Amino acid sequence: MADRSSIEWTDATWNVVTGCSRVSRGCENCWAEREAARRLRNHPSRQGLTDRNGRWTGKARFNEQWLDRPLRWRKPRKIFVAASGDLFHEDIPNHWLDRIFEVMALADIHVFQVLTKRPSRARKYLAGGARDRILPKVSRCFNAHGMAAREWPLSNVWIGTSVEDQPTADERLAALRQIEAAVLWVSIEPLLGPVEIDEHLGDLDWVVVGGESGPGARSMDPSWARSLRNQCICARVPFFFKQWGGITSKAGGCELDGRQWRQMPGEGPCAS
């Protein structure tokens, strides 16, 4: 939980839920799992969420003490939701999600960046009555203060999915494209192989690409990142190059072909 973040595409993290489980090879060097198993293993928000081998147990925790934190932040921020877990993990019940979405609706000065490896669960939740449960409560609060009622989908909530290779891109982007959201985005990090997303770009508002970092980082071929950048240029979709990763020839850098690519949604299309 931090009011500042070193993640280049966000300003703050909101770990209102923590805990997860591995679902694909992109999870093998999960930094959040490593933190929960080591540095934060005795922290109340992480304690017991990893096993003796340092892996997620598959349990999630609702950190209710942090639920209202975005409402206390007066300066507008981009907020990464559940950076140390997955908001749509199967162990997180809908009534937790309802309370979290209520806060995101109320804290409309902020942009909430949701990133999940479970877009099918996100689609099911968002299409399964969430609007009818959340908006009446939020609208009553807004009306009581003379403010306009909120609309659905929430204009300040971005829904994204994380992929790492062609199979995960094919599966998760197909599910993501069925979600109604103000911004649909994809984080292709760690990029572990060549990925073609041309068929999905017409429905995406933002693409983030990065290599793997940290201990045991797997290498990213520069041609994989260039290909994704070029696909975004052709489709006129904003492209954000986050990092090369830990053991590539450009370790620690964030330039691609001599320039930084730091486009955000709404800043115009990716241009060469």
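Me: Is glutamate 64 buried, partly exposed or exposed, and at what relative accessibility?
Reply: This is a predicted model, and the values below are computed from it. Buried means under 20% relative accessible area and exposed means over 50%, with partly exposed in between. Glutamate 64 therefore counts as partly exposed, at a relative accessibility of 43%.

Me: With which residue does glutamate 64 form a salt bridge?
Reply: The closest N and O atoms of the pair are 2.7 Å apart, and a salt bridge needs a side-chain nitrogen of Lys or Arg within 4 Å of a carboxyl oxygen of Asp or Glu. The pair links distant parts of the chain, 35 residues apart, with glutamate 64 in the loop between strand 3 (61-62) and helix 2 (69-72) and its partner in helix 3. That partner, which counts as partly exposed at 33% relative accessibility, is arginine 99.

Me: How many residues apart in sequence are the parts that lysine 242 and glutamate 8 tie together?
Reply: Lysine 242 forms a salt bridge with glutamate 8, and the closest N and O atoms are 3.8 Å apart. Because lysine 242 lies in strand 9 and glutamate 8 in the segment before strand 1 (12-14), the pair ties together parts of the chain that are 234 residues apart in sequence.

Me: Which residue is linked with Glu8 and Lys242 in a network of salt bridges?
Reply: A search of the whole structure finds 19 salt bridges. The network that holds Glu8 and Lys242 also includes Glu189. A cis peptide bond, with omega of about 0 degrees, joins this glutamate 189 to proline 190, and proline 190 is found in the loop between strand 7 and strand 8.

Me: What is the phi of aspartate 257, and which residue is its salt-bridge partner?
Reply: Aspartate 257 is not a glycine, yet its phi is positive, at about 55 degrees. It lies in the loop between strand 10 (255-256) and strand 11 (259-260), and at 42% relative accessibility it counts as partly exposed. In its salt bridge the closest N and O atoms are 2.7 Å apart, and the partner is arginine 226.

Me: Why are the buried residues of helix 6 said to be on the same side?
Reply: In helix 6 (residues 166-176), the buried residues are Thr168, Ala169, Arg172, Leu173, Ala175 and Leu176. They are on the same side of helix 6 because they cover an arc of only 155 degrees around the axis. On the other side of helix 6, the exposed residues are Pro167 and Glu171.

Me: Where does aspartate 198 lie, and which residues gather with it in a patch of negative charge?
Reply: Aspartate 198 lies in the loop between strand 7 (183-188) and strand 8 (206-210). Its relative accessible area is 47%, so aspartate 198 is partly exposed. The surface patch of negative charge brings it together with Asp170, Glu196 and Glu199.

Terms used
Residues numbered from 1 in each chain as written. Predicted model: local features only at pLDDT ≥ 70, side-chain atom pairs only at ≥ 80, totals over all residues. Heavy atoms only, no water. Patch = residues over 30% accessible without salt bridge, like charges linked within 9 Å, V, L, I, M, F, W, Y side chains within 5 Å. Areas by Shrake-Rupley, 256 points an atom, 1.4 Å probe, with all protein chains shown as cover. Lys, Arg positive; Asp, Glu negative; His and termini not counted. Charge placed at Lys NZ, Arg CZ, Asp CG, Glu CD. Helix = DSSP H or I, 4+ residues; strand = E, 2+ residues; numbered from the N terminus. Buried < 20%, exposed > 50% of the residue type's maximum accessible area, 1.4 Å probe, protein only. Arc of directions from axis to C-beta.
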